[in-house]
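Please read them with the model open beside you.

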Amino acid sequence: MTDTLLVTGASGQLGRLVLDDLLASGKVAPAGIVATTRDPAKLADYAARGVTVRAADFDDPASLDAAFAGAGKVLIISTDALMEPGKRLVQHTAAVAAAKKAGVKHILYTSMPQPEDSLVTFAPDHLGTEEAIKATGIPYTILRDGWYAENLFQSLPHALTTGAWYTSTGTGRIAHITRADTAAALAGALLKAGNESRTYTLTGTKSRTAEEIAALVSGATGKPLKVVQVTDAQLAEGLKAAGLPEGFIPTVVSFDANTREGKIAAVTLDAEALSGRKTTPLEDFIAASRAVFLG
């Protein structure tokens, strides 16, 4: 058994940031990091820095045996297979089984806030994965990642062109956290993981309503942005008219419903405790992203 740190999905946006933070920490040598991805060529720059890069496909469980060999701690970053209900749970449980077979000391997993009663369509995938990890008997760290501040890029640039942001979040609040701050917390958790099992929720330090977020975006861009509250059904119709893939519309609507019901409003300092640094205030993130919001 080694203390090699393994990161799955390492070629994704979050995974690459985790690798960067691990390398910058000075607490682990590049040779002590294994980065897995379906396409190793995408991580050639990390291989050149001494990181071990291995092929791993969660849809091919046989590929995971070689990929996970010798790992001491494994960070399973949840996949992006959102369009096929239940597919992620199959993928994740395959990774959990491979980690157990490899004899790892600790399993870490990127989950979501309150999967037990979340209204988000893919919450069962996260809850099922958490349960599979706990069933292994291996010490674990569940990292319930809050909503990324970058998610605002999906709707607000267009909303700014019309001056109206349609949402069904009501007075629900969200404590957005940047992807970079999330990655720093994941790296910190991976470095600190020991024999204890813990569950953390990673959020920013302040929660806000859609109206409060709109005010920040309007102030940073100099463009008016009015929040228009609609019903879930009206939101779904609007998303369909805008050309969003029909299979993804229920997921987007479920995000707003989940927010409206207060299931993403919690604020914790877990991210700061794990990373050892302050998280980025949303107003600073929005100000720095002015060009992105303006398109």
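1. A word on ring pairs to start: rings of Phe, Tyr and Trp (its six-membered ring) pair if their centres lie within 6.5 Å. Keep in mind that this is a predicted model. Ring pairs link Phe122, Trp147 and Phe255 into a cluster. Phe122 also has a charged neighbour, as the charged end of Arg88 sits over the Phe122 ring, 4.7 Å from the ring centre.

2. How many aromatic pairs does the structure hold? There are 4 aromatic pairs. One of them joins Phe153 and Phe285, whose ring centres are 5.5 Å apart; with the planes at 25°, under the 30 degrees cut-off, the pair is stacked. Phe153 belongs to the loop between strand 6 (140-145) and helix 6 (156-162), while Phe285 belongs to helix 12 (residues 282-288), so this pair ties together parts that are 132 residues apart in sequence. As for accessibility, Phe153 counts as partly exposed at 26%, whereas Phe285 is buried, with a relative accessible area of 10%.

3. Phe153 also pairs with Phe293: the ring centres are 5.2 Å apart and the planes are at 70°, so this pair is edge-to-face. Here the loop between strand 6 and helix 6 meets helix 13 (residues 290-293), so the pair ties together parts that are 140 residues apart in sequence. Phe293 is buried, and its relative accessible area is 0%.

4. Which residues touch the most other members of the largest nonpolar core? In this core of 31 residues, they are Val7, Val18, Leu19, Leu22, Leu75, Leu143 and Leu202. At least two core residues come from each of strand 1 (4-7), helix 1 (13-25), strand 2 (33-37), helix 7 (179-192), strand 8 (198-202) and helix 11 (270-275). Helix 7 gives the most, with 6 residues.

5. Leu19 is worth a click. Leaving aside residues up to four places away in sequence, Leu19 touches Val7, Ala10, Ile33, Ala35, Leu43 and Tyr46. There is also a second, separate core of 22 residues, and its members include Phe58, Leu64, Ile76 and Ala94.

6. With 13 residues, helix 1 reaches 19 Å from its first C-alpha to its last, close to the 18 Å expected at 1.5 Å a residue. Its buried residues are Leu14, Gly15, Val18, Leu19, Leu22 and Leu23. In general, an α-helix has 3.6 residues a turn, so residues three or four places apart point the same way. The buried residues of helix 1 pack against strand 1, strand 2, helix 2 (44-47), strand 4 (71-76), strand 6 and helix 7. Just after helix 1, Gly26 takes a positive phi of about 75°.

7. Last, a glycine. Is Gly146 buried or exposed? Gly146 is buried, with a relative accessible area of 8%, and lies in the loop between strand 6 and helix 6. Setting aside residues up to four places away in sequence, Gly146 touches Pro113, Ile177 and Leu202. Between the C-alpha atoms of Gly146 and Ala123, which are 23 residues apart along the chain, the separation is 13 Å.

Conventions: Residues numbered from 1 in each chain as written. Predicted model: local features only at pLDDT ≥ 70, side-chain atom pairs only at ≥ 80, totals over all residues. Heavy atoms only, no water. Phe/Tyr/Trp six-rings, centres within 6.5 Å; stacked < 30°, edge-to-face > 60°. Helix = DSSP H or I, 4+ residues; strand = E, 2+ residues; numbered from the N terminus. Buried < 20%, exposed > 50% of the residue type's maximum accessible area, 1.4 Å probe, protein only. Lys NZ or Arg CZ within 6 Å of the ring centre and 35° of its normal. Core = buried A, V, L, I, M, F, W, Y, C linked by side-chain atoms within 4.5 Å. Contact = heavy atoms within 4.5 Å. Expected span 1.5 Å × (residues − 1).
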